[in-house]
Amino acid sequence: MSDILIELGRILEQRKQADAAESYVASLHHKGLNKILEKVGEEATETIIAAKDYNSAKPDDSVVKETADLWFHTLVMLSHLELGPEDVLEELRKRFDISGHVEKAARTQTK
């Protein structure tokens, strides 16, 4: 499944150079990092609300759709910062054999 994120990362890089009037991704890059971060925050809030409202007895696809929007805009943010999904996937790979408590403590010590 990481192939999907890698491919999306490539597409986002290509669209970065497109005409802002014709490409949503290009328009976000054109508006700058603050607008992209605003969209990430908006999608994070919508994801939280969808999860809070989720009812497993009557499931719908809103949590999945909002999470997809959040991931998409996060990938746009990474692209704007000259990073990509590979960077995040590599960081996650490094954490496979590390306890979450240990990893969090190591991050806290390096700040």
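Student: Is the crossing of H1 and H2 left-handed or right-handed?

Tutor: The crossing of H1 and H2 is right-handed. A crossing gets that name if the near helix is turned clockwise from the far one by less than a right angle, and is left-handed if anticlockwise. H1 and H2 pack at an angle of about 65°, with their axes 8 Å apart. Leu12, Arg15 and Lys16 of H1 make the contact with Val25, Ala26 and His29 of H2. Contact here means heavy atoms within 4.5 Å, and axes are lines fitted to C-alpha atoms (for helices over the stretch in contact), with angles from 0 to 180 degrees between N-to-C directions.

Student: What should I keep in mind about the model itself?

Tutor: It is a predicted model, in which local features need pLDDT of at least 70, side-chain atom pairs count only at pLDDT 80 or more, and totals for chains, interfaces and linings use all residues. Residues are numbered from 1 along each chain as its sequence is written, and side-chain values use heavy atoms, leaving out hydrogens and water.

Student: What does the secondary structure of the chain come to?

Tutor: There are 6 helices and 0 strands, and the pattern along the sequence reads α-α-α-α-α-α. Both kinds of element are DSSP runs numbered from the N terminus (helices H or I, at least four residues; strands E, at least two). The C-alpha atoms fill a box of roughly 45 × 40 × 25 Å along the principal axes. Of the contacts with a separation of 6 or more, 58% join residues 24 or more positions apart.

Student: How do you know that H1 has close to its expected reach?

Tutor: H1, residues 2–16, has 15 residues and reaches 21 Å from first C-alpha to last, close to the 21 Å expected. The expected span is 1.5 Å times one less than the number of residues. H4 passes the check too: with 19 residues it reaches 27 Å, close to the expected 27 Å.

Student: Which residues of H1 are buried?

Tutor: They are Ile6, Gly9, Leu12 and Lys16. They cover an arc of only 120° around the axis, which puts them on the same side of H1; the arc is that of the directions from the helix axis to the C-beta atoms. As background, an α-helix has 3.6 residues a turn, so residues three or four places apart point the same way. The buried residues of H1 pack against H2 (24–31), H4 (62–80) and H5 (85–94). On the face turned away sit the exposed residues Asp3, Ile4 and Gln14.

Student: Why is Pro85 called buried?

Tutor: Its relative accessible area is 7%, and buried means under 20%, exposed over 50%, and partly exposed in between (1.4 Å probe, protein chains only). Pro85 therefore counts as buried. Pro85 lies in H5, and beyond its neighbours within four places in sequence it touches Leu5, Ile6, Gly9 and Leu75.

Student: And what makes Ser62 partly exposed?

Tutor: Ser62, in H4, has 24% relative accessibility and therefore falls in the partly exposed class. Its C-alpha atom is 8.2 Å from that of Thr47, 15 residues away along the chain.

Student: Why are H3 and H4 called roughly antiparallel?

Tutor: Their axes come within 8 Å and cross at roughly 160°. Angles under 35 degrees count as roughly parallel, over 145 as roughly antiparallel, 65 to 115 as roughly perpendicular, and the rest as oblique. H3 and H4 are therefore roughly antiparallel. H3 passes H4 in a left-handed crossing. Residues that meet include Leu33, Ile36 and Val40 in H3, and Leu70, His73 and Met77 in H4.

Student: What makes H2 and H3 oblique, then?

Tutor: H2 and H3 pack at about 120°, with axes 5 Å apart, and are therefore oblique. Tyr24, Leu28, His29 and Lys31 of H2 contact Lys35, Ile36 and Lys39 of H3.

Student: What sets the phi of Glu82 apart?

Tutor: Its phi is near 65°, a positive value in a residue other than glycine. Most residues other than glycine have a negative phi. Glu82 is in the loop between H4 and H5, and at 62% relative accessible area Glu82 is therefore exposed.
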